[in-house]
Amino acid sequence: MRVNRLPKASRLSGKKEIDLLFKSGKGKTFFPLKVLSLPKLHEVPDSRFEVLFTVSAKKYPKAVTRNRIKRLMREAFRLEQEPLLQIPPILIAYIYIAPEVMPLAAIRIKMQESIRTLVKAHANA
């Protein structure tokens, strides 16, 4: 498996897991991102983590803007995901909370910081 990929198996899409993550996941804010995480109950082959990216339709009514932000978050995550391969399986949700669209460089810095924190928090789980 190439390191800098975000395959379909790594995307969080199950309704039960998403509900569980938003209900009982631990959250932390790295402006412009809010991160929720939860250890995975079962392991999925080819995936050490499952991730979800979301943007509020209320803050960004135009789908074009929401999709652009999600694309930026996915790219930042793809570039910084390598440390997550060394921890037990985890569910992650990234929620964009900034009032304006930030550049990729700013999102990438905060993504890197959030991943470092996730690795520290879930390394011994």
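Colleague: Is Glu50 buried or exposed, and what is its relative accessible area?

Modeller: This is a predicted model, in which local features need pLDDT of at least 70, side-chain atom pairs count only at pLDDT 80 or more, and totals for chains, interfaces and linings use all residues. Residues are numbered from 1 along each chain as its sequence is written, and side-chain values use heavy atoms, with hydrogens and water left out. Buried means under 20% relative accessible area, with exposed over 50% and partly exposed in between (1.4 Å probe, protein chains only). Glu50 is therefore buried, its relative accessible area being 6%.

Colleague: Why is the pair of Phe53 and Phe77 edge-to-face?

Modeller: Rings of Phe, Tyr and Trp (its six-membered ring) pair if their centres lie within 6.5 Å; planes under 30 degrees apart count as stacked, over 60 as edge-to-face and the rest as tilted. The ring centres of Phe53 and Phe77 are 5.8 Å apart. The pair is edge-to-face because the planes stand at 70°.

Colleague: Which parts does the pair of Phe53 and Phe77 tie together?

Modeller: Helices (H or I, at least four residues) and strands (E, at least two) are DSSP runs, numbered from the N terminus. The two residues are 24 apart in sequence. Since Phe53 and Phe77 lie in separate elements, the parts tied together are strand β3 and helix α2.

Colleague: At what angle are the ring planes of Phe77 and Tyr94?

Modeller: Phe77 is buried, with a relative accessible area of 0%, and Tyr94 is buried, also with 0%. Their ring centres are 5.9 Å apart, and the pair is edge-to-face because the planes are at 65°.
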